[in-house]
Amino acid sequence: MSFVEVAIKVPLQRTFDYRIPTQLNGLSTPPQVGARVMVPFGNQRKVAVVLALKTHSDVPADKLKDLFEVIDDEPILSPQHIELLRFTARYYCYPLGETIHIALPSALRQGLCPDKSSINMVALTDKGAKLPSLKATSQLNLLKQLAESGKSSLTELKALGFSKKTIDSLLTKELISQTIEHDNQWQQQAPTVGNKPTLNKEQAVACSTINQAQGFNSFLLEGVTGSGKTEVYLQCLEDVLKRGEQALVLVPEIGLTPQTVNRFRRRFPDTPIMLWHSALTDNERLQTWRFCEKASCAIVIGTRSSIFLPFLKLGMIIVDEEHDSSFKQQDTLRYHARDLAAYRAFQHKIPLILGSATPALETLHKALNNKYQLLSLTQRAQTSTDNQFQLLDMKGQPDQAGIAHGSLATIRQHLKRGKQVMVFLNRRGFAPTLICHECGWLSECKRCSTSATFHKAIGQMICHHCGEQERVPHQCPDCGSTQIFPNGKGTEQIEEFLSSEFPDTPISRIDRDSTRRKGSLEKALDDINQGGARILVGTQMLAKGHHFPDVSLVLILDVDGGLYSCDFRATEHLAQLVTQVAGRAGRSGEPGQVLLQTHFPEHPLLQDLVNNGYQDFARFALQERDDAQLPPITNMAIVRAEGHNIKQVVDFLTDLVPVQSLTGIQLLGPIPAPLERIAGKYRFQLHIQALERPLLHQYLAQMVDYLSTSKLAQKVRWSLDVDPIDMI
């Protein structure tokens, strides 16, 4: 008798055995490892993935059920891919069945087998390449996009916000053409390479070092903003493509994908490049999956979940802006794409490039300890002079909408020179809260232990944690006074003030509120680069990798917010953010100016950052972490629990604390989360630290086994976060 071991999407830390019927009972083909099968589970039919074929099961044969159906004639997961998913589940202490479920596209999770071996491509015709004048702005923008990116998939254009109506109109006018491309063997011909600049000495050394590496090697490309890291990626990829191998390029945000893919397509115009991000439909994601597993695409540019794509001939992985927190999944399977990229590169024995101007301390720690090879780019590609930093002391300084009069004067100077100005405030909305001038009432969220943010444009109070919305009150709920005023500043208020201060100057605001509509972010960025907006107001969406050649001044408001926090990573995140935002200035050949408004200009962090740069700050911060025995010097996990009954939450975490202390393991808690209440639920945490990672995982494995039988675990909602990066 034969058996199969399968993984099923259930919240259990185990796999399941099923009998293979002797006569297959109508099954079209015997099951294979990595293929999907349909199995009975309780009163349900569930899709499962075969992990092993067995001749013996520890469960008596008469207690096992027969599998119903073999869905796939060929495996959808290779043994190497299954091992990646096993490692992921083991490392992050998450059920294997649910890990595999998360990694698969939706259509494959549901047991569907649609054929996605062809793709619709759109390109300019000779007539369209002349960019004729058109009344419809959307049609002209589409022509410009195709001129910039070259041949693009219909999927990609729709993701950028171009409607079917716009595409059909241009097809009718014969300005664009549409073709259907099937699986192709791009590896059989050498890739066409577009114009490429001459590398400076540091870039040339980095490329040579990476290309000469044999087998698995991890490189930290630590380059100041504007030093040409992307050019190093492109020239390293050229060698990979010449060998007929594939590459994965991980980017932190959807917003970076269009400009990145345009640059890659200009360099490799005949090379199939595909995208992977959350804005794609289920069918579009399945299509990318199919092209990856058949090696029909050469490069995939994607966000964090693209780390699970099934490449047939993977030759290199690049993680751009590797420090970015969006590479860490914050719910369900709490994986970090950067760390899985390192494991996957080790699996395939290929190079891994981690690029950043502000490396995460975890990555820098490994580089300084020779686990990663450090490659430095210290020269800016566009200018030989660094940006000029200035700390503006706000004590006693008159201001309007949080902008000092001195900052306004500097803005005027740069605008008169025809330059663009960026005003950065990492807080959307009009104001963080409303306050009553009579009694001091604050607009708090009723379901969370935080304030509700005032959004003036829509007349709503919105909690940015639970999403609760209310109308703006006309009277104070406590004393009835009508003297209610905004308290604090947000990007909406900054935009309103600057519009009145500079009425003839176009202003563009970029935050999550202003870019909700599909394609709106790309449209705003295009307008900025075309010179439309002269003042840019935004949150960290503006800070990540965008190239604005005309920006000569960056004004950073409310720097002080990250100086004093209960999160030990707050100063690291602040330093990264300031450096990344400052890097948007001075990219046109002349040094830019960076103004930081602060009430604490003498703070050691700010002084170190301004005078010595992020590289010096990061090494000093690592020494502080060593002194305090905090990550990355030690290893950490957090058990989080939440529930409506505060006693049950505390009792659950208290139950996890052993009576006797354990050698090598330190526990802190249960303690309230920094935001103790969200959406009506109380939240507590238990911090677990260990000097040695194997010891930490040994302890976590025992804890997870215990939780599977704990009655208290069934009364609260809990999660385990290994290597947490968000302490709040």
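This is a predicted model: local features need pLDDT of at least 70, side-chain atom pairs count only at pLDDT 80 or more; totals for chains, interfaces and linings use all residues.
Residues are numbered from 1 along each chain as its sequence is written, and side-chain values use heavy atoms, with hydrogens and water left out.

Helices (DSSP runs of H or I, at least four residues) and strands (DSSP runs of E, at least two) are numbered from the N terminus. An open sheet is formed by five strands in the order 2-1-4-3-5, with antiparallel pairing; two strands pair if DSSP finds at least two bridges between them. Strands of a sheet pair through backbone hydrogen bonds, in either a parallel or an antiparallel manner. At the edges stand strand 2 (16-20) and strand 5 (69-70), each of which pairs on one side only. Strand 1 (residues 2-8) and strand 4 (residues 44-54) run antiparallel and are joined by six bridges. Ile8 has Ala48 of strand 4 as its bridge partner.

Across strand 1 and strand 4 lies helix 2 (residues 96-103), running at about 70° to strand 1. Such angles run from 0 to 180 degrees between N-to-C directions, and the axes are lines fitted to C-alpha atoms, for helices over the stretch in contact. The loop between helix 1 and helix 2 contains Cys93, a residue other than glycine whose phi is positive, near 55°. Most residues other than glycine have a negative phi.

Helix 1 (residues 79-91) also meets helix 12 (residues 337-348): their axes come within 11 Å and cross at roughly 145°. To this contact (heavy atoms within 4.5 Å) helix 1 brings Gln80, His81, Glu83, Leu84, Phe87 and Thr88, and helix 12 brings Leu340, Tyr343, Arg344, Gln347 and His348. These residues divide into four nonpolar, five polar and two charged, where Ala, Val, Leu, Ile, Met, Phe, Trp, Tyr, Cys and Pro count as nonpolar, Asp, Glu, Lys and Arg as charged, and the others, Gly among them, as polar.

A cavity is a set of points on a 1 Å grid over the protein atoms alone where a 1.4 Å probe fits but cannot get out, and its lining residues have an atom within 4 Å of a point. Grid points are joined across faces, edges and corners, and a volume is the space filled by probe spheres set on the points. Two cavities of 30 Å³ or more are found in the whole structure. The largest cavity holds about 80 Å³, and its lining includes Ile119, Ser153, Arg265 and Leu280. Helix 6 (154-159), strand 11 (273-276) and helix 11 (282-293) each give two or more residues to that lining, which divides into five nonpolar, four polar and three charged residues.

The second largest cavity holds about 30 Å³ and is lined by Arg338, Asp339, Leu354, Glu362, Thr363, Lys366 and Tyr372.

Two cis peptide bonds complete the account. One joins Pro631 and Pro632, with omega about 10°; Pro632 lies in the loop between helix 18 (604-628) and strand 29 (635-643). Another joins Gly669 and Pro670, with omega about 5°, and Pro670 is found in strand 30 (residues 665-678).

Conventions: On a 1 Å grid over the protein atoms alone, a cavity is a set of points where a 1.4 Å probe fits but cannot get out, and a pocket is an open set with protein on both sides within 12 Å along at least five of seven lines; lining residues have an atom within 4 Å of a point.
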